[in-house]
Amino acid sequence: MNLPNKLTIARVIMIPFFLVFLMTDFFEAARYVALAIFIIASLTDMLDGKIARKYNLVTNFGKFMDPLADKLLVSAALVCLTALGFIPAWMTVVIISREFIISGFRLIAAEQGRVIAASWWGKWKTSVTMVTLAILLLLVNDKGFGAAYDGFMTVTTILLWISVILTVVSLVDYLIKNKDVMKEEDKD
């Protein structure tokens with residue numbers, strides 16, 4: 001197994017630990033550990049792709065597992081932050097629904113021998129969402145920011161809206177650019 005695939009597997013393995021530290025109070029700094037795990041896992045997402053492309057280590061396993069690992073990490077953070085009252089449930093539903101739709105679309109395309117690459121919109125959506133989640137995870141850790149806490153919450157609310165907008169725009173972009181994937185084949 002090559003290094004990019006090992007990084008992807010490591011990201012998947014980190015998710016249960018992230019969940020445990022975020023949702024339980026084993027010790028005072030547990031949620032800081034969850035934040036650190038989330039940041040490290042997010043960085044492995046960026047790193048594995050760069051290494052795979054630079055050293056020509058792209059594999060079918062990586063093509064399948066890398067986006068799945070990303071979706072699992074982001075979905076876990078979204079669901080937990082919704083449960084903790086930091087993200088409105090409808091935003092979580094919109095973001096996760098987009099992931100299911102794109103995954104289904106990619107499966108249909110794969111059956112046709114096509115690969116639907118990540119778009120610029122999708123990459124921005126992922127980046128904004130991960131930064132927003134990291135900031136929210138910091139705020140979950142410590143409400144002792146005083147007056148700055150309200151400012152951070154305002155910023156994260158704006159970033160959440162941007163993330164949802166990018167989610168919808170990237171979905172529409174994927175569907176328009178790849179609309180022929182859904183066309184019925186002639187059975188002649």
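This is a predicted model: local features need pLDDT of at least 70, side-chain atom pairs count only at pLDDT 80 or more; totals for chains, interfaces and linings use all residues.
Which residues of H6 are buried? The legends below begin with that helix.

View 1. Residues are numbered from 1 along each chain as its sequence is written, and side-chain values use heavy atoms, with hydrogens and water left out. Helix H6 covers residues 147–177, 31 residues in total, and spans 45 Å from its first C-alpha to its last, close to the 45 Å expected at 1.5 Å a residue. The expected span is 1.5 Å times one less than the number of residues. Helices (H or I, at least four residues) are DSSP runs, numbered from the N terminus. The buried residues of H6 are Tyr149, Thr156, Leu159, Leu160, Ser163, Val164, Leu166, Thr167, Ser170, Leu171, Asp173 and Tyr174. Buried means under 20% relative accessible area, exposed over 50%, and partly exposed in between (1.4 Å probe, protein chains only). Helix H4 (89–111) and helix H5 (120–141) are among what covers these residues.

View 2. Valine 94 is in helix H4 and is partly exposed, at 26% relative accessibility. Leaving out residues up to four places away in sequence, valine 94 touches Val164, Thr167 and Val168; contact means heavy atoms within 4.5 Å. The C-alpha atoms of valine 94 and valine 168 are separated by 8.0 Å, although the two residues are 74 apart along the chain.

**View 3. Arginine 11 and its polar contacts.** Arginine 11 belongs to helix H1 (residues 3–23). With a relative accessible area of 0%, arginine 11 is buried. Its side chain makes a polar contact with the side chain of threonine 44 (3.0 Å), and another of 3.2 Å joins the side chains of arginine 11 and aspartate 48. A polar contact is a pair of N or O atoms within 3.5 Å; within protein, one must be able to donate a hydrogen and the other to accept it, and residues adjacent in sequence count only if both atoms are side-chain atoms. Beyond four places in sequence, the residues that arginine 11 touches include Asp45, Asp66 and Asp70.

**View 4. The largest nonpolar core.** This core has 33 residues, of which Phe18, Phe38, Leu81, Ile87 and Leu133 touch the most other members. H1, helix H2 (30–54), helix H3 (60–83), H4, H5 and H6 each give two or more residues to the core. A nonpolar core is a set of buried Ala, Val, Leu, Ile, Met, Phe, Trp, Tyr and Cys residues joined through side-chain atoms within 4.5 Å. A second, separate core of 7 residues includes Ile102, Ala109, Leu171 and Val181.

**View 5. Aromatic pairs.** The whole structure holds 6 aromatic pairs. Rings of Phe, Tyr and Trp (its six-membered ring) pair if their centres lie within 6.5 Å; planes under 30 degrees apart count as stacked, over 60 as edge-to-face and the rest as tilted. Phenylalanine 18 and phenylalanine 38 form a tilted pair, 5.7 Å centre to centre with 40 degrees between the planes. This pair links helix H1 to helix H2, its members being 20 residues apart. Phenylalanine 18 is buried at 0% relative accessibility, and phenylalanine 38 is buried at 1%. The pair of tryptophan 120 and tryptophan 121 is edge-to-face because the planes lie at 85 degrees, with ring centres 4.8 Å apart.
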